[in-house]
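Please consider the sequence and the structure shown here. The account below moves from the whole chain to single residues.

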Amino acid sequence: RLEKLKADSLREAGRGAFFESGAEAAILLWERSLAVYRALGDDAGQAAALGNLGSGFYALGEPEKALDYQGQSLEMAAAAGDHRLRGNALGNIANVHKDLGDFDLASEFYGLALETRPLTGDRRGQAADLNNLGLVREVLGDLDGAEGHFLSALELNRRDGRFRETATNLTNLANLSTKRGRYAEAHDRYAEALAIRKSTGDRAGEAHDLRSIGLLHLRMGEYSDATLSLEAALALREEVGPPYETALVLSDLGAVHSAMGHLADALAYLVQAKDEAGDQLWWIGPDLALQEADLLAEMNDLGGARASYLEAKEGFQDLDDPGGEAEAEHGLGSLYLAMGQLGDAEEAIARAGEIQEGLADPRPAALTRLASGNLQALRGDSAAARRTISGALSVHRALGDRAAEAASLGALGDLDRLLGDHAGAVDRYHRALELIAGFETPGVEWPIRLGLGLSLRSQGDLDGATAELGRA
């Protein structure tokens, strides 16, 4: 009995050390507790200690050791007939496979865990597995399946009063709504999650949701609201860290200022973000390089933009991030269009489109389709260009992306103008400008005003043309 108490005390002390001193200190205590459980022949105790060791080694970035220990924990839990420990081991094994990108194996183990949890009434574990399985389905592009799992997890956590977990489920549901272009629904879910974070004192979670709300406003072209949310997120991140999260918010603020045409401010935020990232630059570096490339392209530094797009592309490939790689390819395609290198543009845009076919978010694919339509127009295939750009327009309209919808309308206006239909072009340009009225979108607005001015000049309205060309 005393030896059993000793083993239990060592294991509990390891749990405390994990949070206070880190995984290495905890592992030493868990290894001692495991030795005692083994001497006693206590299968359940061994299963628990082995599971702790698996979690400890995973925290140290050693997933193979983690899987080995969790596998041993699963075997001992089966020997002990302890369904709770078996469910924990299955869920932990699934978590490791999920984070390693082995999504089929992760799904299989989450399914086994979800069969086991109800046997002991482990609703907390069941909710966690449902949430994580939802993340796996989302990565695999099954948004309906992901939503179902998130909603099931949310129901369990609400019922049992687990507020932090409820906020996590709401945030995950909001992310899905954003991907589907349901921006009002996304905002409501983020706002509900944010209110829970504030009430529970979860300042890191509060910063996360404020950033998500800011990025949502950025997508919608609501730059003042985006700035307010991101500045609030930045203030919290500077208090609670970690530095790489602070760097990400700084880069987001740079993106907002870039969209508003404040290019010098945008560059300053990027410099701050790189400084703040420190030793984490290796994995957020591609995002910063992509943002820098977009900015340099706007500043007409085409050589610098090309170098940054290529740096971003290589970095995303190293991180196995197809979405980021597609964005870099799209940027290169648009850049080559501006440089008149139509062959290179066609190759880059085609590569971006191929990658985006397997992604769940329709917005990047629609932007690539717009670039493809512009390329077709430059090659003189006006019928194909009109079909392609109209397809992009439909997606942007369905997503509620006013800036992208305006850009697509402007591209159709350019096509009408090149074909001599100046009345049709003027109508499209005016509709595009109405969409972005009240929004600061200079990168979208100036080409539309340029096209409008040229069409008005062709119609003989020289005063109107002069005014629009001046605004451009």
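Predicted model: local features only at pLDDT ≥ 70, side-chain atom pairs only at ≥ 80, totals over all residues.

Residues are numbered from 1 along each chain as its sequence is written, and side-chain values use heavy atoms, without hydrogens and water.

The chain contains 24 helices and zero strands, where helices (H or I, at least four residues) and strands (E, at least two) are DSSP runs numbered from the N terminus. Along the principal axes, its C-alpha atoms fill a box of roughly 100 × 40 × 40 Å. Of the 472 residues, 47% are buried; buried means under 20% relative accessible area, exposed over 50%, and partly exposed in between (1.4 Å probe, protein chains only).

H330 lies in helix α17, residues 322-339. Its relative accessible area is 19%, so H330 counts as buried. Beyond its neighbours within four places in sequence, H330 is in contact with A352, L367, T368 and A371, contact being heavy atoms within 4.5 Å.

At the surface, E64, D102, D104 and E108 form a patch of negative charge. Asp and Glu count as negative, each charge being placed at CG of Asp or CD of Glu. D102 is located in the loop between α5 (83-100) and α6 (103-116). D102 is classed as partly exposed because its relative accessibility is 32%.

Key:
Patch = residues over 30% accessible without salt bridge, like charges linked within 9 Å, V, L, I, M, F, W, Y side chains within 5 Å. Areas by Shrake-Rupley, 256 points an atom, 1.4 Å probe, with all protein chains shown as cover. Salt bridge = Lys/Arg side-chain N within 4 Å of Asp/Glu carboxyl O.
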